[in-house]
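This report describes a strand arrangement and the pockets of one protein model. Please consult the sequence and the structure shown here while reading.

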Amino acid sequence: MSGYIAPDGSYTADYPPVWRRAAAAAIDWVLAYVVFLIASIAAGFLQTVGLTTLSGGDLRSEVPGTLLLVLSQVLTAVPVVAYFALYWATGSTLGMRALDVELVETDTGRPPSRRRALVRACVAFVIAVAVNNVYLVIASEPLHGYSTFQRGIIGASLAVAALAFAAKAWLFLDERRQTLVDRLFGLVYLEEVVFTQTTPFPWTTSGRV
């Protein structure tokens, strides 16, 4: 399997083995879960107030309580999405730095733009929520214990988790070890970066949008 050559020829690199990507991802998701738990404290307070407001008549309107419930859910999602979006835009997350893995755009050889990193982070969060939902269902009571709405959420989560699993499995077949999601976003993971020219380090210029 040939290595990666930057489009401008400034460096070459190898593709990291699956275990290194998995180890980096494990570190990142542990950190993201800690961030999620911290955010859940504030979100839990808003959720409690929202539920109390709704059950108490909500000043003859469901809007304030509903908004608080929506805000509580947003508060748990934003920090996790921000963690991945901000770090991916620099070329590596904390977990990737621990394993010496870099992330670049395939067509530029530079770290993902902020927009691309943000959208990719949102997709990662949706997949994580879907996988978590599937796990909770497997570990809990039979499906008949759920409402029609909950069953719909479970069905959607199963579909997303299955697609994500298939997309991840593709890296075992791809010569660049890209998942289908990597291909969709035009991203590639690298290791052992060797510079062939005297050029600015590409991960120091991450201010793109």
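## Sheet and pockets

E2 and strand E4 (residues 187-195) pair in the antiparallel sense over three bridges. Here strands (E, at least two residues) and helices (H or I, at least four) are DSSP runs numbered from the N terminus, and two strands pair if DSSP finds at least two bridges between them. The model is predicted: local features need pLDDT of at least 70, side-chain atom pairs count only at pLDDT 80 or more, and totals for chains, interfaces and linings use all residues. Residues are numbered from 1 along each chain as its sequence is written, and side-chain values use heavy atoms, with hydrogens and water left out.

Thr12 stands opposite Val194 in E4, and Thr12 is also the bridge partner of Ile5. Strand E1 (residues 4-5) pairs with E2 in the antiparallel sense over two bridges. Five residues separate the strands of this E1 and E2 hairpin, in which Gly9 adopts a positive phi near 75°. In a regular strand, side chains alternate between the two faces of the sheet. Strand E2 (residues 11-14) has Tyr11 and Ala13 on a covered face, with Thr12 and Asp14 on an uncovered one.

The open sheet consists of four strands in the order E1-E2-E4-E3, with antiparallel pairing. Its edge strands, E1 and strand E3 (102-105), each pair on one side only.

The pockets were found on a 1 Å grid over the protein atoms alone: a pocket is an open set of points where a 1.4 Å probe fits, with protein on both sides within 12 Å along at least five of seven lines, and lining residues have an atom within 4 Å of a point. Grid points are joined across faces, edges and corners, and a volume is the space filled by probe spheres set on the points. In the linings, Ala, Val, Leu, Ile, Met, Phe, Trp, Tyr, Cys and Pro count as nonpolar, Asp, Glu, Lys and Arg as charged, and the others, Gly among them, as polar.

| Pocket | Volume | Lining classes |
|---|---|---|
| Largest pocket | About 650 Å³ | 22 nonpolar, one polar, four charged residues |
| Second largest pocket | About 350 Å³ | eleven nonpolar, two polar, no charged residues |

Of the 27 residues lining the largest pocket, Arg21, Ala25, Trp29, Arg120 and Lys168 are the closest to its centre. H1 supplies the largest share of that lining, eight residues. The second largest pocket has 13 lining residues, with Trp29, Tyr33, Ala128, Val129 and Asn132 nearest its centre. H4 contributes the most to this second lining, with seven residues.

Key
Buried means under 20% relative accessible area, exposed over 50%, partly exposed in between (1.4 Å probe, protein chains only).
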